[in-house]
Structure formats: C-alpha cells, structure tokens
Amino acid sequence: SRDIPVEPPHTTLLFIDVQNYCARRDGAEFKDLGPAEFEEKLGWFFNKMESETIPNMQRLQAGCRKAGIEVMYTLIRNLTQDGRDRSLDYKINGFSVPPGSWDGQVLDAIAPAPDEIVIPKTSSNVFVSTNIDYVLRNLGTKYLVISGIVTDQCIATATTTACDLGYLVTLVTDACATYTQERHDTALRAISGYCRQRSTDAFLAEIGAA
C-alpha cells in the first residue's frame, strides 16, 4: 500500500523550484510583465503563496528537521552562464538562470541549512536532468515527501517519476501551488494514483507521532 506512515530515517523532503526566479514577485521569470498583466495572470498565485503555501513550507521544513528527516532542494539553474546545457523545453520557454545568480537561490523564507543538499535542474523533471535518484538512494531514502511549485508541472513530473522508480511518495497538498485553484485541484486528482496526499497539519502530526 502507498498509504503507510513514513519512517523518518528513510525519508527525504524535497522542495521543488522554491526560488527567487519564479517564487517571488520580482523574479526574472516575470520581468516582461507590466503591473496590470502581472496582477491578472499571477495575482491569485502570489497571494496564495504568501498567505498559505510558503508558511506551510516553513512549518514542513521545521517539522522535518526536528524529526531528523533529510531536507533537500532542487532549483531551476543552468550549469553554464549562457545556458547551453538547458533542455530544449527550457530553451524554447526562455528559462535561463545562471549559476551564482540571485534568481538561482532558494527563497530566504526556507533557506537551506549549511549541510542540506541543493541540486540544480535544467528540465521540468528533476529525475531527468539531475543525479537526484543516485543521491536519494545513497541517503537510504525510501519515502519522498514533495513540496513546491508548480503543482501541474514540475511537481507532477517529479511525483509520477519517483513513483515509477520505486519511492513511496507523499505530496503535501497545501505546501504546493500553481496559478489557479482549478489547475491545482485538477493536478492533484490526476496524480492521486501515484502518491498519498496529505495536508501540512496531517503530515506534521504523523511525524510528530513517529
């Protein structure tokens, strides 16, 4: 069954794309949008992120650290300054985040601890464009807990691939977000067969009991 509690020594929490580039209003992904267009396209998303999603991420991060669960981050970030190593999809979409840039840093709100792992990725699916599977297996990870953005893109691909690779995946539903509530809810339904889905409160209660 997928519906079994995690074992903290064999669990990793993975934050996906919670970075300045695409999780802040002044991130470079949105630099070409005027104020009115930004509000129309992204107003709901950022209000949701700031009022609910990021606070839940902070609680999730703190709870996992307290329980001895590994905390890991993956970010949209090139390996080269000019982005020649990016996936074709990222090149077509214009996603280019140079190494060492402000845009390629985790949000200050959930800043990594000094010895937590940060893995740059150059495609939507972290399992395709990084060595994360190798790293997780070296860590002894059996249970993968996922949080981040956006639910119907990079979160969905990570969830389904992790499931196919043999991880037991927990998706923390209110510690993920996408651009509309409808898109979020549709994505959760679509990937429900690949993971268990828990609220932040429910997951923290689970690891607290553990």
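Author: Start at Thr-178, which lies in the loop between β5 (168-177) and α7 (181-190). Helices (H or I, at least four residues) and strands (E, at least two) are DSSP runs, numbered from the N terminus. This is a predicted model, so local features need pLDDT of at least 70 and side-chain atom pairs pLDDT 80 or more, while totals for chains, interfaces and linings use all residues. Residues are numbered from 1 along each chain as its sequence is written, and side-chain values use heavy atoms, with hydrogens and water left out.

Is Thr-178 buried or exposed? Thr-178 counts as buried because its relative accessibility is 1%. Buried means under 20% relative accessible area, exposed over 50%, and partly exposed in between (1.4 Å probe, protein chains only).

Now its surroundings. The side chain of Thr-178 makes a polar contact of 2.7 Å with the side chain of Asp-152. A polar contact is a pair of N or O atoms within 3.5 Å; within protein, one must be able to donate a hydrogen and the other to accept it, and residues adjacent in sequence count only if both atoms are side-chain atoms. Neighbours within four places in sequence aside, Thr-178 is in contact (heavy atoms within 4.5 Å) with Trp-44, Phe-45, Val-150, Thr-151, Asp-152, Arg-183 and His-184.

Step back to β5 itself. Nine of its 10 residues are buried. Strand β4 (residues 143-149) runs parallel to β5, and six bridges join them. Two strands pair if DSSP finds at least two bridges between them. Leu-144 stands opposite Val-169 in β5. β4, helix α6 (residues 151-164) and β5 form a right-handed β-α-β unit. A crossover is right-handed if, with the strands pointing away from the viewer, the path from the first strand over the helix to the second runs clockwise.

β5 also pairs with strand β6 (residues 196-198), in the parallel sense, over three bridges. Val-172 has Arg-198 in β6 as its bridge partner. From β5 the chain crosses through α7 to β6, and this β-α-β crossover is right-handed as well.

To sum up, β5 is joined to β4 by six bridges and to β6 by three. The loop between β5 and α7 holds Thr-178, whose side chain meets that of Asp-152 at 2.7 Å.
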